[in-house]
Amino acid sequence: MISDKMATLVKNSSVIRAMFEEGKKMAAEFGRENVYDFSLGNPSVQPPKAVTDAIVEVAYDPDMNYVHGYMSNVGFDEVRDKIAASINKRFGTAFTKGNIVMTVGAAGGMNVIFKVLLNPGDEVITFSPFFGEYRNYVSNFDGKLIELAPNTETFQPNVDALEESITPRTKALIVNSPNNPTGVVYSRETLNKIAAILEKKQKELGTSIYIVSDEPYRELAYDGVEVPYIPQIYRNTIVGYSFSKSLSLPGDRIGYLAIPSEIDDFDDVFAAAGVATRILGFVNAPSLAQLFVSKCLDEKVDLDIYNRNRELLYNSLRKYGYECIKPEGAFYLFVKALEPDDKAFAAKAKEKRLLLVPGSTFGCAGYVRIAYCVDYDMILRSLPAFEALAAEY
Ligand code: PLP
């Protein structure tokens, strides 16, 4: 008999993953060319050549004990040194390896940090719409996710709702910009407002409220938009970074937590992050991936490819009458469903072999998410289906 908690989780298992599986089935039935799968945020752009070169180089390193052995739970010293130096160069911070914990992607990093911070019943706030897995990352440690209502005008976070949602049990606020599912980049002005509210409430309540900045899409920003570095805006910020999207390596499972020395209880948080990495069963982030990404910190995937997809899909959907904010980052469009029930709308889209994820998965009913990290040609082939779908309403 599995646990009651797992039984519930299995029953409500990821809608996105289910659609991905469904897409594979449909492709077998109708042919891959005739199914337009926009469900999963799986990068479609090749990792830079430097990454493949670095993988080969590391794989042939004869120092077997170094490359494949156990290590400190927080990761290789020299990898963390290089990452700290790279962040300092970009953002003028003063990190050392003592601020970096290597993680099993952003998901691993968030599980580590919530293991570190949460007592049962502690609250973590998130702005809707949000990456649905946050529900699990928080409930894994018996925390409570507080979802703030979306601001559907701009999809900037609903700052007005923040202050009254903070209680003595509030441990953290998750910020995710560029955002999944909207592609919106939170402005410096908005982040300043959030910081001011958190500072005020910390003082009033005598607690520490951390921002957990979930940043897998940091490098995916278009038209030169600024993606502010939140530790420079709010002292109690912990950054969860991932190479899954920035270098197109989601299966390699590699990222890091940057934990600034200035945060409250830094020594305890850092030490606990190492222990959490070990006892959650990660032990350490994959050694090969640590070593090869550390050789590629200045590399970028070809953003023009995503940008071309963004322009084609956004302009076409607008032409067919869909409503949508033009995303400034990530690789998602968050489109208003053409009927109030987003699940019914996604089901209708599926009849046209368009796989779109209902917005309710992201805490925002009435919308659907379209992941445009796909082949340009697939988008072109899908356009008549989007047009026909709009014509039905
Ligand atoms: N956070 C957000 C907002 C995401 O969209 C994703 C993956 O899609 C993750 C975290 C998990 O990323 P990773 O593959 O680095 O664990």
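Predicted model: local features only at pLDDT ≥ 70, side-chain atom pairs only at ≥ 80, totals over all residues.
Helices (H or I, at least four residues) and strands (E, at least two) are DSSP runs that are numbered from the N terminus.

Residues are numbered from 1 along each chain as its sequence is written, and side-chain values use heavy atoms, with hydrogens and water left out.

Two residues can be described by their relative accessible area, where buried means under 20%, exposed over 50% and partly exposed in between (1.4 Å probe, protein chains only).

| Residue | Relative accessible area | Class |
|---|---|---|
| I2 | 54% | exposed |
| N151 | 23% | partly exposed |

Leaving aside residues up to four places away in sequence, N151 touches Q156, P157 and N158, where contact means heavy atoms within 4.5 Å. The C-alpha atoms of N151 and S128 are separated by 8.0 Å, although these residues lie 23 apart along the chain. I2, for its part, belongs to the segment before α1 (4-11).

The chain is divided into domain 1 (4-47 + 302-391) and domain 2 (50-293), with bounds that come from an automatic or database domain assignment. Their centres, taken over C-alpha atoms, are separated by 26 Å, and 30 residues of domain 1 are in contact with 39 residues of domain 2. Between the two domains there are two salt bridges, each being a side-chain nitrogen of Lys or Arg within 4 Å of a carboxyl oxygen of Asp or Glu.
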